[in-house]
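Thanks, everyone. Have a look at the model first.

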Amino acid sequence: IPYGAALLLYAFCLWKASAASDNRAWQRRILSWSLKLMALLVVGILATPDTFLGSLHMFLGSSLFILQLILSLLLLKWLTPHLINFALFGLELLSGIAAWYYLPLSRGPLLQTQVVFQLAFIGLLARTIRMTAKSSSAKF
């Protein structure tokens, strides 16, 4: 139950972040729609247990990770270059590769690599929100 509650809270926060986005600039529209899609994917992952609907669960999870990596690349492009942003993306990429490696195995730190991936993505997203809120000269 705590795992499910955490995923629902994560989906809710993604949806709220998308709704709070100012949709005037095309970059913000991309961010807003991406966050809404991520929220739906998280709910889909929760609704499809890996023990019963394993293939669908893995497809939804892989789609979420790919969308987050693509959005992270866009955020790096849109933001002013900063070492912390690149470090967070590097951590996200490395943990994503590790998760991909451990996915077909029946053992290994799959959950831990997924958590590190999500924390790195959320860190980059939080920095984006904070940097764009501080600066009106941001690209979006």
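I'll start with the residue and then move to the pocket. Keep in mind that this is a predicted model.

So, Gln118. Where does Gln118 sit? The answer is helix α5, which runs over residues 110–134.

Is Gln118 buried or exposed? Its relative accessible area is 15%. The cut-off for buried is under 20%, so Gln118 counts as buried.

What does Gln118 touch? Set aside its neighbours within four places in sequence. That leaves contacts with Tyr10, Leu64, Phe65 and Gln68. Take Phe65. Phe65 and Gln118 are 53 residues apart along the chain, yet their C-alpha atoms are separated by 8.6 Å. Now Gln68.

Rolling a probe the size of a water molecule over the atoms shows where empty space is left. The largest pocket holds about 1,000 Å³ of space. Its lining has 33 residues, and those closest to the centre are Tyr3, Ile45, Gly61, Phe65 and Gln114. Note Phe65 again: this contact of Gln118 is also on that list.

Which helices build the lining? At least two residues each come from α1 (2–20), α2 (26–47), α3 (54–78), α4 (83–102) and α5. Helix α3 gives the most, with nine residues.

By class, 24 residues are nonpolar, eight are polar and one is charged.

That's it from me. Over to you.

Note on methods. Residues are numbered from 1 along each chain as its sequence is written. This is a predicted model: local features need pLDDT of at least 70, side-chain atom pairs count only at pLDDT 80 or more; totals for chains, interfaces and linings use all residues. Side-chain values use heavy atoms; hydrogens and water are left out. Helices (H or I, at least four residues) and strands (E, at least two) are DSSP runs, numbered from the N terminus. Buried means under 20% relative accessible area, exposed over 50%, partly exposed in between (1.4 Å probe, protein chains only). Contact means heavy atoms within 4.5 Å. On a 1 Å grid over the protein atoms alone, a cavity is a set of points where a 1.4 Å probe fits but cannot get out, and a pocket is an open set with protein on both sides within 12 Å along at least five of seven lines; lining residues have an atom within 4 Å of a point. Grid points are joined across faces, edges and corners, and a volume is the space filled by probe spheres set on the points. Ala, Val, Leu, Ile, Met, Phe, Trp, Tyr, Cys and Pro count as nonpolar, Asp, Glu, Lys and Arg as charged, and the others, Gly among them, as polar.
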